[in-house]
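Work through the backbone exercises below. Each one has a solution in steps.

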Amino acid sequence: MRVRKLSVIFALTLFVAGCSSQNRSSIEIEMYNPAGDALGTAKLSEENDSVAIKLSLTGLSPGLHGIHVHEYPVCEGPDFKSAGNHLNPDNKEHGAMNPKGTHLGDMPNVEADSSGKVNAELAVQGATLMDGKMSLLKDEGTSLVIHEGVDDGLTQPAGDAGDRIACGVIQLEEAAEKNPPSDPSEDGGEEEKE
Ligand SMILES: [Cu+2]
Ligand SMILES: [Zn+2]
C-alpha cells in the first residue's frame, strides 16, 4: 500500500500548498520578451543558502547571455528599464571577477542552443525566498532579467551585457494582487476600487 500512502501524502501536500497563501519555498514565474511574448518559465526554489532557478525558455538568440536578479518587480517593455539595477542589498560592486563583488543578483551567463532554447539550472548564492534582507520576495518582489550579450563579470555597473531581452516578475501572488498587471483576459477582474 505504499502507492496509496504516497498519494495521500501528495494530496495533503497539494492541500497545504493550496491553502497557504505564503508558500514561498517554490514559485514559478513567466518570462517575456520586449514585445510581451511568453518565452517560458523559471522555477525558483529555496535551497540551503541559495535560491535555485530552473530555466526553460525558447526564442532567444543562440549563445551566451547575462542573467541577473534585478531590484524591482516591474517588466515594462521594450527596454525593461523598469526592473531597475541589479539586486544589491549589501552595497557591493558588480561581477564575479570583481574583488569588490558581487551583487546578490549576479549569476553566471546562460547559454541558448542553436535553436534558441535554454534549459539551465542556476543559483542565486546567498539569496532566499523567505523574509529578510537577502530575500528575492522582499517588499513587492524583484525580477529576473536576461540580456542580449555576455556579462563579462567585471564592467560596472552591470557587466556590459547589453540590452534587456527577457524579463519575468518574481513576486508573491498577494503582492501581485495589490499591484495588478494589466491582463484584460482575466475574468472577474475588478476595476480600480479606490
Ligand atoms: Cu541584468
Ligand atoms: Zn551585478
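**Exercise 1.** In which loop does D49 lie? Find its phi and decide whether D49 counts as exposed or buried.

*Solution.* The model is a predicted one.
Step 1: D49 sits in the loop between β2 (38-47) and β3 (50-57).
Step 2: read the torsion. Phi of D49 is near 60°. That value is positive, and the residue is not a glycine.
Step 3: count neighbours. D49 has 11 C-beta neighbours inside 10 Å. The cut-off for exposed is 12 or fewer. D49 therefore counts as exposed.

**Exercise 2.** What is the geometry of the peptide bond from G101 to T102, and where is T102 placed?

*Solution.* 
Step 1: check omega. For the bond from G101 to T102, omega is near 0°. The bond is cis.
Step 2: locate the residue. T102 is in the loop between β5 (67-70) and β6 (110-112). The loop between β5 and β6 also holds N91.

**Exercise 3.** What is the geometry of the peptide bond from Q156 to P157, and in which loop does P157 lie?

*Solution.* 
Step 1: omega from Q156 to P157 is near 0°, and this peptide bond is cis.
Step 2: P157 is found in the loop between β8 (142-147) and β9 (164-170).

Conventions. Residues are numbered from 1 along each chain as its sequence is written. Chains are lettered from A and ligands numbered from 1 in the order in which they are written. This is a predicted model: local features need pLDDT of at least 70, side-chain atom pairs count only at pLDDT 80 or more; totals for chains, interfaces and linings use all residues. Helices (H or I, at least four residues) and strands (E, at least two) are DSSP runs, numbered from the N terminus. A residue is buried if 20 or more other C-beta atoms lie within 10 Å of its own, exposed if 12 or fewer, and partly exposed in between; C-beta atoms are placed from the backbone.
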